[in-house]
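Subject: Structure handover

Hello,

Here is the structure you asked to look at. My notes follow below it.

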Amino acid sequence: MSALPVTGREWHLTARPQGWPTPNDFALREAAVPEVGEGQILVRNLAFSVDPYMRGRMNDVKSYVPPFRLDRPMDGGAVGEVIASRADSLAVGDHVLHGLGWREYAVLDAGSAAQVDPSLAPLTAYLGVLGMPGLTAYAGLLEVASFKEGDAVFVSGAAGAVGSQVGQIAKLKGASRVIGSAGSDEKVKLLVEEYGFDAAFNYKNGDDVTGQLRAAAPEGIDVYFDNVGGDHLEAAISALNVHGRIAVCGMISMYNATEPSPAPRNLAMVIGKRLRMQGLLVSDHSDLQSKFVEEVSAWIRSGELKYSETKVPGIENGVEAFLGMLRGENTGKMIVSLDS
């Protein structure tokens, strides 16, 4: 057996970003790997996730999840291989999903890790389509937005890890029409040709979002799954039919803003249309986990549900992957791969 690592690299937040984060707000540092205590495991991370919600954790504000601490390792979803264990439940060689990403090696309580099977799906799928983003899409559409067969659905940020799954699940569950917005012509093409959306548009092409959505959904929409906020939320409120529902998953257009967003300016329409708007945190829907994995894994095996991943190799490129995700450079789930 080879010797266990004594040190490993990890990303630290070194400054609170003002507006858009820059590489100067982070540092990749060498740190000692802690001793493995009773009931703990040592994991060699093979991949970790970068996600939009992490931008909010860089601000020193009270929120639903504590902020990242300065000059400490950041965290987030990761998959890896157990290389040392002092726990009965997990053995060396097992693969696990856990919450100590942004580093090469992680020591954690075995109870904080979930064993995953690389023979059922690629390990990185547990960070995306079968992981937190996938459950977010599944719970947000079916439970928070109360989707029902025949609904017309609009998804913003539709080429991302969550949005692409929302649209496909809606189609599989009998949506009358699914419309998506994305930030490039290539992504628009992907949504229609690969993911089966009925229509999609590029919100960066110069035309206003309200007009583009009206053209794509002339009979209106019943459900809006919001990943973007701002002008997309305003457009959706205008397009929603009476008793429409909005699931607010994220508002990435506002995460790096230093001034308040002027939109939506039509919020009064919520009254006359009797709209329901509800925020979404995936942690509220853990009761759906087993049903979600059962249904979505079957769709993946049958080829009915497709997914994309954008992999950036090397821990040294972790921050650039995160910034690229905020800029919309990923298609599907953005993942940093450490499995060299």
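Is W102 buried or exposed? W102 is buried, because its relative accessibility is 0% (buried means under 20% relative accessible area, exposed over 50%, partly exposed in between, with a 1.4 Å probe and protein chains only).

Before the rest, two points on how to read these notes. This is a predicted model, in which local features need pLDDT of at least 70 and side-chain atom pairs count only at pLDDT 80 or more, while totals for chains, interfaces and linings use all residues. Residues are numbered from 1 along each chain as its sequence is written, and side-chain values use heavy atoms, with hydrogens and water left out.

Helices and strands are DSSP runs numbered from the N terminus (helices H or I, at least four residues; strands E, at least two).

W102 lies in the loop between strand 5 (95-98) and strand 6. W102 is not a glycine, yet has a positive phi of about 65 degrees. R274 is another non-glycine residue with a positive phi, near 55 degrees. R274 sits in the loop between helix 7 and strand 13 and is partly exposed, with a relative accessible area of 48%. For background, most residues other than glycine have a negative phi, and most peptide bonds are trans. The A263 to P264 peptide bond is cis, with omega near 5 degrees; P264 belongs to the loop between strand 12 and helix 7 (269-273).

An open sheet is formed by 6 strands in the order 10-9-8-11-12-13, with parallel pairing (two strands pair if DSSP finds at least two bridges between them). Its edges are strand 10 (199-202) and strand 13 (276-279), each of which pairs on one side only. From one strand to the next the twist averages 15 degrees. Strand 11 (residues 221-226) and strand 12 (residues 240-248) run parallel and are joined by 5 bridges; D226 has V248 as its bridge partner in strand 12.

Helix 3 touches strand 8 (152-155), strand 9 (177-182) and strand 11, and its direction makes about 170 degrees with that of strand 8. Helix 6 (residues 230-239) touches strand 8, strand 9, strand 11, strand 12 and strand 13, and its direction makes about 150 degrees with that of strand 12. Contact here means heavy atoms within 4.5 Å. Axes are lines fitted to C-alpha atoms, for helices over the stretch in contact, and angles run from 0 to 180 degrees between N-to-C directions.

Helix 2 and its neighbours

Helix 2 (residues 132-144) packs with helix 3 (residues 161-172) at an angle of about 45 degrees, the axes being 8 Å apart. The two helices are therefore oblique to each other (under 35 degrees counts as roughly parallel, over 145 as roughly antiparallel, 65 to 115 as roughly perpendicular and the rest as oblique). The residues of this contact divide into 10 nonpolar, 3 polar and no charged (Ala, Val, Leu, Ile, Met, Phe, Trp, Tyr, Cys and Pro count as nonpolar, Asp, Glu, Lys and Arg as charged, and the others, Gly among them, as polar).

With helix 8 (289-302), the axis of helix 2 comes within 10 Å and crosses at roughly 100 degrees. Helix 2 and helix 8 are therefore roughly perpendicular to each other. On the helix 2 side the contact is made by G134, L135 and Y138, and on the helix 8 side by Q289, K291, F292, E295 and V296. That contact divides into 4 nonpolar, 2 polar and 2 charged residues.

Enclosed elements

Strand 3 (residues 40-49) has 9 of its 10 residues buried, so it is largely enclosed by the rest of the structure. Its antiparallel pairings include 7 bridges to strand 4 (residues 78-85), 5 bridges to strand 6 (residues 105-109) and 3 bridges to strand 15 (residues 333-337). Among the partners, A47 is bridged to V79 in strand 4, Q40 stands opposite D109 in strand 6, and S49 stands opposite I335 in strand 15.

Helix 9 (residues 318-326) is likewise largely enclosed, because 8 of its 9 residues are buried. These buried residues pack against strand 1 (7-13), strand 2 (26-32), strand 3, helix 1 (53-56), strand 14 (309-313) and strand 15. Just after helix 9, G328 takes a positive phi of about 80 degrees.

Regards
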